[in-house]
Amino acid sequence: MPVDYDLVVIGGSAAGIQAAIAAAQLKARVVLVDQGCATSKISDAHVLSAMGQTLRQLQRGVQLGLETIEATLPSEATVWTQAKRWSVAAKTASTEMHSPAVLSAMGIEVIAGFGEFHRKPQLGLLVNGRSLRSCAYLLAIDSLRVSFQTEPTGVGTVLPPLAAIDGLTTVGYLTADVVLQKLPSLASRQLVIIGREAIGVELAQSLVRLGRSVMLIVPDAQLLPHEDAEAAFLIQAQLEAEGVEVLTGTSVSQVREIDGKKWVQAGNRAIETDEIILAMTPPFDQTSLNLPAANVKQSSSGILVNAKLQTTNPCIYACRGRIAGYDTPHIALADAKVALKNALFLPIAKVTDRPILSVVATHPPLARVGQTETAAVQRYGNDVTILRQPFKTLAKAQLQDETTGFCKLLVHRNGELLGAHIVGWQAEELISTIALAMQQKLKIQAIAALVLPSSSLAVILQQTAAEWQRLRLQRNTRLQDFLEGFFNWRRSVN
């Protein structure tokens, strides 16, 4: 029986939209089913972070003696009102570029609605009472949980969801995505943030900068457990310096309401609080897709896929949404490219063992690509060289008073880049250079040979890489003796 489409894309995420556009450009007949899970590239967490950073800059101006700034600082009510307006305007602008009208003009049929698979009389996706039959289907939903049947090295694992907390639903809590709307009513209140995800760290810093009293409770022994320990410690130190109370290695066992007050039992401590913020990304309800009807199997970690991103039904592909608690749409975009090739043509493309890049949008931000120091040393032992430079060595960082942070590069003895960790101003921009170098298999010498303007922050990459030659010379006593003898001889003959 003939089918109606070459590809049905399920999910209005960035990956889903780009896959639909690419398929249409290849003259495939494609339909995009928006499950109602489309998200703007600008989140409320981004808005709060921008607000906190702007207020911090204004306060710094006052500290520098600019009294006129202090006199013109807006009231809190004005800040919230303007922030909401800006948030709405920014989100609208970011989503209009891929509105249904724009996508339709590209040749993509857009259907708004929730779909579920059916197998009779033929495999299809039922949306709004209409059966969509296609040669292939692509699951591209932001919070979709995907697990590799044979997980490629370095792909990463998904942290288990936060365990159910006794009494939490009864007492009530806020989720991260509604904090901006509730912020005016949270003035002068004690806030407890629970969760291991990066958004919890970002919210804690933003809220304390906006004048709230914040406690962050993390069940792991280390803040940001998937990050480099030194980098995570610096972020924790920054949060604590700004007034956030951080409890690591502490699990919340129950929540109660006593005399109108909320109490959180965290470890052996009973903590009184006004509001509880659960900082986690709720997974998409995959049961709504009726995956068993399409013979798509799942594990406790999510939908099973192989290296070609095929599910157990070879006609259905899936790309990852969020990995290890981080908002990583670039991974889903990369997956969508592989899945698209396989869905439209011969299924021979595979997910490569590419380093995963992640960013924590604190201030200073933390950016990472590749392995952590612990993982690299465990795998390669003494063959790993650790190069490190602090941001305070940069003239631009000193000028902007952004000296907190460092750049760390992990290098194999053959010069191969194993990983990079940058904590500091513009770290999310700087990490792209290292990510490109790792993707292109460039050695550390290529970074050291970069010629950059001294006013650029990127100089820290070149300076850190240049440590490679200095350390090699320092460890090579024979070469040092030879050079010393050579220059002694040279001076004597002249």
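This is a predicted model: local features need pLDDT of at least 70, side-chain atom pairs count only at pLDDT 80 or more; totals for chains, interfaces and linings use all residues.
Q: What makes the pair Phe482 and Phe486 stacked?
A: Two rings pair if their centres lie within 6.5 Å, and planes under 30 degrees apart count as stacked. By this rule there are four aromatic pairs. The centres of Phe482 and Phe486 are 6.4 Å apart and their planes are at 20 degrees, so this pair is stacked.

Q: Why are Phe482 and Phe486 separated by about one helical turn?
A: Both belong to helix α16 (residues 477-493), and they are four residues apart in it, which gives the separation of about one helical turn.

Q: Why is the pair Phe486 and Phe487 called edge-to-face?
A: Planes over 60 degrees apart count as edge-to-face. The planes of Phe486 and Phe487 are at 70 degrees, with the ring centres 5.1 Å apart, so the pair is edge-to-face. Phe482, Phe486, Phe487 and Trp489 form one aromatic cluster.

Q: How do you know whether Thr372 is buried or exposed?
A: Buried means under 20% relative accessible area. Thr372 has 17%, so Thr372 is buried. Thr372 lies in the loop between β21 (366-370) and α11 (373-380). Leaving aside neighbours within four places in sequence, Thr372 is in contact with His226, Glu227, Asp228, Leu410 and His421.

Q: How does the reach of helix α9 (residues 229-241) compare with the reach expected?
A: Helix α9 has 13 residues and reaches 18 Å from its first C-alpha to its last, close to the 18 Å expected at 1.5 Å a residue.

Q: Why are the buried residues of α9 said to be on the same side?
A: The buried residues of α9 are Ala231, Ala232, Ile235, Gln236, Gln238 and Leu239. They cover an arc of only 160 degrees around the axis, so they are on the same side of α9. Phe233 and Ala241, on the other side of α9, are exposed.

Key. Residues are numbered from 1 along each chain as its sequence is written. Side-chain values use heavy atoms; hydrogens and water are left out. Rings of Phe, Tyr and Trp (its six-membered ring) pair if their centres lie within 6.5 Å; planes under 30 degrees apart count as stacked, over 60 as edge-to-face and the rest as tilted. Helices (H or I, at least four residues) and strands (E, at least two) are DSSP runs, numbered from the N terminus. Buried means under 20% relative accessible area, exposed over 50%, partly exposed in between (1.4 Å probe, protein chains only). Contact means heavy atoms within 4.5 Å. The expected span of a helix is 1.5 Å times one less than its number of residues. The arc is that of the directions from the helix axis to the C-beta atoms.
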